[in-house]
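Start with the sequence and the model.

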Protein chains: 2
Amino acid sequence: MRPLFHPSVEELRPEAILHALSDPVRAAIFTDIAREGCVQACSTFASVGDRVIPKSSLSQHFKILREAGLIRSERQGVEMRNTSRCPEVEARFPGLMAAILAAYQLVPPATR
Amino acid sequence: MRPLFHPSVEELRPEAILHALSDPVRAAIFTDIAREGCVQACSTFASVGDRVIPKSSLSQHFKILREAGLIRSERQGVEMRNTSRCPEVEARFPGLMAAILAAYQLVPPATR
DNA sequence: TTCAACAGTTCCAAATTCCCGAACAACGGG
DNA sequence: CCCGTTGTTCGGGAATTTGGAACTGTTGAA
């Protein structure tokens, strides 16, 4: 398996970030990772709300979040540790993450 | 032609807004409308940057922006006047529009 | 060393969404 | 009316997304 790609801060693109978070499942996953601040295995999200997410889809979702620069994924033994890159995104696009997370908090994405 | 649908402020959904603005063409259109504050005919955007946008695609883009609640479209004679709904969105999701517009200003979407 | 269990990834085909040319509808001016 | 102009709708091909099945890597136990 090839090493996972993580964009640098300078490579962050608003369209990739917005696209990544425009999906309710990904938004829910990211919200959780950002809240916990750190370390969530992918399998933690085998279901979001009451909806079951197949693991191949989960893997894709994590890839999109990762390549948008929103999370960092590192192998830790048999599982993956996903940590939020909020501080880096904040440095590049001030206020963006806070506003998006706040918006979703007002209207939970799980509602569908 | 049936009347155009505009969501009320309470109906605004973060995922729809992020999806609408995750497309560079739509982001460019919306940025322009938001900057001018008002009144832009669809045909104003027959090209974005150096890229030509077919009018059927343009129509779709405007529909997505409209149904996300980002713009209001009203027929004015033969053309359409599109005005930004930023103040309403701001009331519902404080800071969101400003942060997104600022992010795109740092990394112009036309760059691709 | 070999094996089983587990976490994720990759592959690929079906479903969905997106794109854009062509036809259509609505309005205003001669 | 009949045009010219503006924008919407329709339909089929392109691109993206989805998810089951097979595969890769890692750990721990026999």
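Is F45(A) buried or exposed? F45(A) has a relative accessible area of 5%, so F45(A) is buried. Keep in mind that this is a predicted model.

## Aromatic pairs

Searching the whole structure over all chains gives two aromatic pairs. One joins F45(A) and F62(A). Their ring centres are 6.0 Å apart, with 50° between the planes, and the pair is tilted. F45(A) sits in the loop between α2 and β1 of chain A, while F62(A) belongs to helix α3, so the pair ties together parts 17 residues apart in sequence. F62(A) is buried, at 1% relative accessibility.

In chain B, the rings of F45(B) and F62(B) have centres 6.0 Å apart and planes at 50°, so this pair is tilted. F45(B) is in the loop between α2 and β1 of chain B, and F62(B) is in helix α3 of chain B, 17 residues apart. Both F45(B) and F62(B) are buried.

## Surface near DNA strand D

DNA strand D is surrounded by 22 residues. The closest are H19(A), C42(B), S43(B), K55(B) and S59(B). By class, the surface has eight nonpolar, eight polar and six charged residues. α3(B) gives the most, with four residues.

Two side chains approach phosphate oxygens of DNA strand D through a polar atom: H19(A) at 3.0 Å and S57(A) at 3.2 Å. S56(A) meets a base instead: a side-chain N or O atom lies 3.1 Å from a base nitrogen of DNA strand D.

How values were computed:
Residues numbered from 1 in each chain as written. Chains lettered and ligands numbered in written order. Predicted model: local features only at pLDDT ≥ 70, side-chain atom pairs only at ≥ 80, totals over all residues. Heavy atoms only, no water. Phe/Tyr/Trp six-rings, centres within 6.5 Å; stacked < 30°, edge-to-face > 60°. Helix = DSSP H or I, 4+ residues; strand = E, 2+ residues; numbered from the N terminus. Buried < 20%, exposed > 50% of the residue type's maximum accessible area, 1.4 Å probe, protein only. Near = heavy atom within 4 Å. Polar contact = N/O pair within 3.5 Å; in protein donor to acceptor, adjacent residues only side chain to side chain. Nonpolar A, V, L, I, M, F, W, Y, C, P; charged D, E, K, R; others polar.
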